[in-house]
Amino acid sequence: MKAGRKNLRRACDEGAAVALAEGESIMQVLTLRGSNVIEVMDGEGVKSLALFPAKFQKSFWIKSGSFVVVDASGRDQALESGSKIACVVSQVLFHEQVRALQKSGNWPAIFKSAPNEGSETRTQAQTATEIHEQPDSDEDDGLPPLEANTNRNRPYELYSDSDSGSDS
């Protein structure tokens, strides 16, 4: 078994206690833009682009809604110089690390409302009310009737009409 990126794995295993250095902040991943570029939102609600370094490529996978620690110390200089990428991801936060940060009080207030947990219960409640509100009707909402699909070959009917055989 190879020990590729062993220092990254070791840091991940130790990482229950995350300490933020100067210029680092916790951000939430909004979208993956491709080519190691992600769109993130900081604790104040400001969206920006961040670089996901190549050293994390095959070791950590992120998706929309994940949390990362971003080094945003040169953010203002990058934006002033015209660069679209304003910060660099320095660490990916896992579920245990997120829970530890939430309990410690270092968690940004904008992320405290857990949309993942609330959205599941909210969507279940909404779908239940939508089902009960819809009346049982056969309305087509003003759509024209469906026509037969001419692209599909109809097999030769083996059974002929029973009426035609009984008339003879």
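Reply: Let us begin with burial. A residue is called buried under 20% relative accessible area, exposed over 50%, and partly exposed in between, with a 1.4 Å probe and protein chains only. This is a predicted model, in which local features need pLDDT of at least 70, side-chain atom pairs count only at pLDDT 80 or more, and totals for chains, interfaces and linings use all residues. Residues are numbered from 1 along each chain as its sequence is written, and side-chain values use heavy atoms, with hydrogens and water left out.

Me: Is Arg75 buried or exposed?

Reply: Arg75 has a relative accessible area of 13%, so it is buried. It belongs to helix α2, residues 75-81. A contact means heavy atoms within 4.5 Å. Leaving aside residues up to four places away in sequence, Arg75 touches Met27, Asp42, Val46, Lys47, Ser48 and Ala86. In the protein as a whole, buried residues make up 24% of the 168 residues.

Me: Which elements does the protein contain, and in what order do they run?

Reply: Helices (H or I, at least four residues) and strands (E, at least two) are DSSP runs, numbered from the N terminus. The protein has five helices and five strands. Read from the N terminus, the order is α-β-β-β-β-α-β-α-α-α.

Me: How do the strands pair, and in what order do they close into a barrel?

Reply: Two strands pair if DSSP finds at least two bridges between them. Here five strands close into a barrel in the order β1-β2-β3-β5-β4, with mixed pairing. Neighbouring strands of this sheet are turned by 55° against each other on average, direction ignored. For such angles, axes are lines fitted to C-alpha atoms, for helices over the stretch in contact, and angles run from 0 to 180 degrees between N-to-C directions. Helix α3 (residues 95-104) packs on the sheet and touches β1, β4 (67-71) and β5 (85-93), its direction making about 100° with that of β5.

Me: Which residues stand opposite each other in these pairings?

Reply: Strand β1 (residues 24-34) pairs with β2 (residues 37-41) in the antiparallel sense over five bridges, and Val29 stands opposite Val40 in β2. β1 and β4 also run antiparallel, joined by five bridges; the bridge partner of Met27 in β4 is Val68. Between β4 and β5 there are five bridges, again in the antiparallel sense, with Val70 opposite Val89 in β5.

Me: Why is β4 described as largely enclosed by the rest of the structure?

Reply: Four of the five residues of β4 are buried, and therefore the strand is largely enclosed.

Me: How is a pair of aromatic rings described?

Reply: One gives the distance of the centres and the angle of the planes. Rings of Phe, Tyr and Trp (its six-membered ring) pair if their centres lie within 6.5 Å; planes under 30 degrees apart count as stacked, over 60 as edge-to-face and the rest as tilted. By this rule there are six aromatic pairs. In one of them, the ring centres of Phe67 and Trp107 are 4.8 Å apart and the planes are at 70°, so the pair is edge-to-face. Phe67 lies in strand β4 and Trp107 in the loop between α3 and α4 (115-133), 40 residues apart. Phe67 also forms an edge-to-face pair with Phe111, at 5.3 Å centre to centre and 65° between the planes.

Me: Are Trp107 and Phe111 buried or exposed?

Reply: Trp107 counts as buried at 4% relative accessibility, and Phe111 is buried with a relative accessible area of 5%.
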